[in-house]
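Hi,

Here is the model I said I would pass on. Have a look at it first, then read my notes below.

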Amino acid sequence: MRKSKSMMVCAVLAGSILFTSCIGSFKLWNNLKDWNQGVGNKFVNELVFIALHIVPVYEIAYLADVIVFNSIEFWSGSNPVASNETKEIKGENGDYLVTSNENGYTITNKEDNQSMDLVYNKESKTWNAVTETENIELVKMNDNGTVSINMQNGTSMTVMPDMQGVAAARAASGSTSFFAAR
């Protein structure tokens, strides 16, 4: 009986891995890793990391990604663990809700409930600010590795996507706030 159960488990594992041909995004494992990195300082993170290996939380998350979630992602096109996340951000001009979606973000002002989408267009390689009435191209990823930024005054600036490029764009816009793109 035990041998037949072991054979069944091996067959299911082999089939699920071999038939999907999918590396997948490993969202469950990555979410666990990201949570662990944000727990505290590096010593606390290491202790939590070791504890989560002793209890096999990391191993179970990895196995669930390999067998279940990445297979679902391959066949359906979406990973059930990669659901839309909403975070509350406290800004200089109020509080905002930022919701991630499949092609960008939706930013909603909590005070007046107005929202704007930041949308990435794969075909044109651009990030756009989209409201009900406007669609404004903000950033274009160029084929040569540079980034073209459309400034508020209507001009365009091309920079490298590194700290020097960010500093140059900040200086050109007269902005003192720091931004980062991922």
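Predicted model: local features only at pLDDT ≥ 70, side-chain atom pairs only at ≥ 80, totals over all residues.

The buried residues of α3 pack against α2 (27-37) and α4 (57-76). Those buried residues are Asn 45, Val 48 and Leu 52, and they sit on the same side of α3, because they cover an arc of only 65° around the axis.

What does the face of α3 turned away from its buried side carry? The exposed residues there are Phe 43, Leu 47 and Ile 54. As for its length, α3 (residues 42-54) has 13 residues and spans 18 Å from first C-alpha to last, close to the 18 Å expected at 1.5 Å a residue. Just after α3 comes Pro 56, with a positive phi of about 50°, so do check that spot yourself.

Now the sheet. Eight strands make up an open, antiparallel sheet, in the order β1-β2-β3-β4-β5-β6-β7-β8. Each of β1 (86-91) and β8 has a single partner strand, so these two stand at the edges and one side of each is left without a neighbour in the sheet. On average, neighbouring strands are turned by 20° against each other, direction ignored.

Is Thr 108 buried or exposed? Its relative accessibility is 17%, and the cut-off for buried is under 20%, so Thr 108 counts as buried. Leaving aside residues up to four places away in sequence, Thr 108 touches Asp 95, Tyr 96, Leu 97, Asn 113, Gln 114 and Ser 115.

Back to the β8 end. Helix α5 (residues 163-173) lies across β7 (147-150) and β8, and runs at about 160° to β8. Met 157 is in β8 (residues 156-159). Which residues does Met 157 touch, not counting those up to four places away in sequence? They are Val 147, Ser 148, Ile 149, Met 151, Ala 168, Ala 169 and Ala 172. Met 157 and Ser 173 are 16 residues apart in sequence, with 10.0 Å between their C-alpha atoms.

Cheers

Conventions:
Residues numbered from 1 in each chain as written. Heavy atoms only, no water. Helix = DSSP H or I, 4+ residues; strand = E, 2+ residues; numbered from the N terminus. Contact = heavy atoms within 4.5 Å. Pairing = 2+ DSSP bridges. Axes fitted to C-alpha atoms, helices over the stretch in contact; angles between N-to-C directions. Buried < 20%, exposed > 50% of the residue type's maximum accessible area, 1.4 Å probe, protein only. Expected span 1.5 Å × (residues − 1). Arc of directions from axis to C-beta.
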